[in-house]
Amino acid sequence: MIPFDGPNPTERSGRIILLGSTGSIGVNTLEVIRHLREVCGIEYQVAGLAAGRQTGLLAEQAANFGVDHVATSENAENSSELDGISRVLRGPQAATELVETVARPGDLIIGAIVGAAGVEPSLAAVRKGCDLGLANKEALVAAGRIVMDAARRSGARIIPIDSEHSAIFQCLQSGRRREDVAGLVLTASGGPFREWDVARMRRATVEEALNHPTWSMGRKVTIDSASLMNKALELIEARWLFDMGADQLDAIIHPQSIVHSFVEFIDHSVIAQLSPPDMKLPIQYALTWPARAGGCADRTDFSTFSDLLFEPIDHQKFPAIRTALEVISGPDSAGAIFNAANEVAVEAFLDRRISFGAIPDSIRMTLERCQPGPISSLEEVWEADREARRVAADCLASTAGT
């Protein structure tokens, strides 16, 4: 099994701490936990929940699952929704503090906070020897070497929740050796603009970009999927999860989202994982791994296999893929710069300050103006992140009308 070749890990405790509980992954995770309890008789204790500003939903989740420890990035002390919960942590470091004070070795931490805000709590989880069910791809895009080194030292296992990485993880079970793997191919639905020409796509509105044909996700991830930036970030994540170089990674458009990834071996055999596009399946596998349990996701309808399509990615229309492969081959801080520039650009697009086409343009300009280098600490990650955000903001002014 790759890449978990560190010390012998601690056995799972049955306790779960869910970071990002009010987002799409978080809500689905709680649905899976309820299913496993009620249908499969598998008990999990939800020991902690962390969320952003949706304190009302957070309070409801805590009540439903008997959770005494919660964290919220919302600083307001006069919020009454969380009254009655034993311990409430607040502020931008609350999720990390929750992990550091409540988690125990052997707990499973579900990292589903969106964006760079999920990096520190993910790192805190693996440093404590907790398994990490990872849906926050930015943790590895921005700080991959640091997180993976920490996991190897502690014996923590990182179980991917992104459907593509979960697919690869499943294909690599049964003791397959790292040296037997020739390459990985991730699939992308192509988003709402798969059949649009470049000029039309660059003028797309926020509403058009949010109209994803396959997946129901948060706004930021949905915009990333429309530009294929989400797939670009996933390629960088796969580089760290599975110890692959840029020449061993690729992506292909598959609009039905039934095949989630391919693994090619050195004898040219290819194994794929197939399932309907439902995030509850990879979430459940992260919870029950290495075992499986009766599923709460839909079963595969094999009659749909008669029209599965696969198309090469047009790199002129979706330049994020080529840029990601360059980032993988570059110095470590290139990932942090790439991620930060994208977050700045997506926010500006959602605020209607720039065009859709300006997103990849500003990211490319930011990478060219910044100076990527090696990273040996989380402080250096944040230094690269801050500089990239400053440069990206400057770049947006020059790309606003394109």
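Predicted model: local features only at pLDDT ≥ 70, side-chain atom pairs only at ≥ 80, totals over all residues.

Residues are numbered from 1 along each chain as its sequence is written, and side-chain values use heavy atoms, with hydrogens and water left out.

**Helix contacts**

- Helix α1 (residues 24-38) and α11 cross at roughly 60°, and their axes come within 9 Å; helices here are DSSP runs (H or I, at least four residues), numbered from the N terminus, and axes are lines fitted to C-alpha atoms over the stretch in contact, with angles from 0 to 180 degrees between N-to-C directions.
- α1 and α11 are therefore oblique to each other, a class left over once angles under 35 degrees are called roughly parallel, over 145 roughly antiparallel and 65 to 115 roughly perpendicular.
- The crossing of α1 and α11 is right-handed, where right-handed means that the near helix is turned clockwise from the far one by less than a right angle, and left-handed means anticlockwise.
- On the α1 side, Ile25, Asn28, Thr29, Glu31, Val32, Ile33, His35 and Leu36 meet Lys280, Ile283, Gln284, Leu287 and Thr288 of α11, contact meaning heavy atoms within 4.5 Å.
- That contact of α1 with α11 comprises 6 nonpolar, 5 polar and 2 charged residues, with Ala, Val, Leu, Ile, Met, Phe, Trp, Tyr, Cys and Pro counted as nonpolar, Asp, Glu, Lys and Arg as charged, and the others, Gly among them, as polar.
- Helix α5 (residues 138-154) packs with helix α10 (residues 229-241) at an angle of about 15°, the axes being 8 Å apart, and the two are therefore roughly parallel to each other.
- Residues in the contact include Leu140, Val141 and Met148 of α5, together with Leu233, Ile236 and Trp240 of α10.
- By class, the contact of α5 with α10 has 7 nonpolar, 1 polar and 4 charged residues.

**Backbone features**

- The peptide bond from tryptophan 289 to proline 290 is cis, with omega near 10°, and proline 290 lies in the loop between α11 and α12 (320-329).
- Leucine 228, a residue other than glycine, has a positive phi near 65°, and its place is in the loop between α9 (219-227) and α10.

**Pocket lining**

- Helix α11 (residues 280-288) gives the largest share of the lining of the second largest pocket, 4 residues; a pocket is an open set of points on a 1 Å grid over the protein atoms alone, where a 1.4 Å probe fits, with protein on both sides within 12 Å along at least five of seven lines, and lining residues have an atom within 4 Å of a point.
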